[in-house]
Amino acid sequence: MKAETIRLLAVMASPRANGNSAWIIHELLEDTGRDIPVKSTVYSMSGKRISPCTGCLGCYKNGGDCVIRDDFQELKSLWVSNDAILYVMPVYHLGVPGQLKCFFDRLGNTFHGQPPQKHRKVIGAIAQGGISMGGQELTNLYLMSHALIMHSFFVIGDRAQLGIGLVSGVGGNRDSFREKSVSGETGYVRDLEISRNMLRRLVETTAIIRAGISLVCETQEEDEKEVRE
């Protein structure tokens, strides 16, 4: 049976347009679609305006439509229409950047006032910090919680890794990963391969879940047909 095309949304959650997050996404997406067809969409949060949730609960009253009009609606539409989500971001204050947190707050609220929805997204995360143990695992744990509360699945890294944690180096060098790639730095090459493994696993898991959903739907349709007859 031919695998269906997986729709992958890569969210570059960095305020910088062409920094390390953009480079990592560029490196990884070149390696997708070899065994399972993938249609990738990259969304950069750089320069986008996503305001904080005000807790007005207007979305509870109007079918989940947030009353604040900004770039949130565009990203929510992409989030809903894709099968798999890859978040790539720098660590800010041992957690996710503010724009991404604002998006999560509003995304959750626009659904929580409605009947429970089984989103069944498959979610992966790559966080980079200036140093090792610089908040990468805490950031990935938060994203794991985001996946759970959105009735979705979180894919971890190789073995016991909670998502992927990369080290860009101190000093805020936005070209750090590009330079490491050119020089062939051993640690970067290893971490990039681990990241690729996670992305392959994310795509494979999504394909398995999509195939399972199709099978369940077909079975339900057959059962309903038998009842009608």
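The model is a predicted one. Its largest pocket holds about 350 Å³ of space, a search of the whole structure finds eleven salt bridges, and the disulfide count is zero.

**Largest pocket**

- The space in the largest pocket amounts to about 350 Å³, and 17 residues line this pocket.
- Gln136, Glu137, Gln161, Gly165 and Leu166 are the lining residues closest to the pocket centre.
- At least two lining residues come from each of α5 (136-149), β6 (164-167) and α7 (186-228).
- Strand β6 gives the most to the lining, with four residues.
- Sorted by class, the lining comprises seven nonpolar, seven polar and three charged residues.

**Cysteines**

- A disulfide is a covalent bond between the sulfur atoms of two cysteines.
- The number of disulfides in this model is zero.
- For Cys59, the closest cysteine sulfur is that of Cys66, at 6.3 Å, which is too far for a bond, because a disulfide requires the two sulfur atoms to be within 2.5 Å.
- Seen from Cys66, the closest cysteine sulfur is in turn that of Cys59, again at 6.3 Å.
- Cys59 is buried, with a relative accessibility of 8%, and Cys66 is also buried, with a value of 10%.

**Salt bridges**

- Side chains of opposite charge can pair when their charged atoms come close.
- The whole structure contains eleven salt bridges.
- One of them joins Glu74 and Lys48, with an N to O distance of 3.8 Å. Glu74 belongs to helix α3 (residues 72-81) and Lys48 to the loop between β2 (38-44) and α2 (58-61), so this pair ties together parts that are 26 residues apart in sequence.
- Arg190 and Asp191 meet through their side chains in a salt bridge of 3.2 Å, N to O. Asp191 counts as buried, at 16% relative accessibility, because the limit for a buried residue is under 20%.
- Arg200 pairs with Glu193, and their closest N and O atoms are 3.6 Å apart. Arg200 is partly exposed at 33% relative accessibility, and Glu193 is likewise partly exposed at 35%.
- A network of salt bridges links Arg7, Asp83 and Arg210.

Key: Residues numbered from 1 in each chain as written. Predicted model: local features only at pLDDT ≥ 70, side-chain atom pairs only at ≥ 80, totals over all residues. Heavy atoms only, no water. 1 Å grid on protein atoms, 1.4 Å probe; cavity = no way out; pocket = protein on both sides within 12 Å on 5 of 7 lines; lining within 4 Å. Points joined across faces, edges and corners; volume = space filled by probe spheres on them. Nonpolar A, V, L, I, M, F, W, Y, C, P; charged D, E, K, R; others polar. Buried < 20%, exposed > 50% of the residue type's maximum accessible area, 1.4 Å probe, protein only. Salt bridge = Lys/Arg side-chain N within 4 Å of Asp/Glu carboxyl O.
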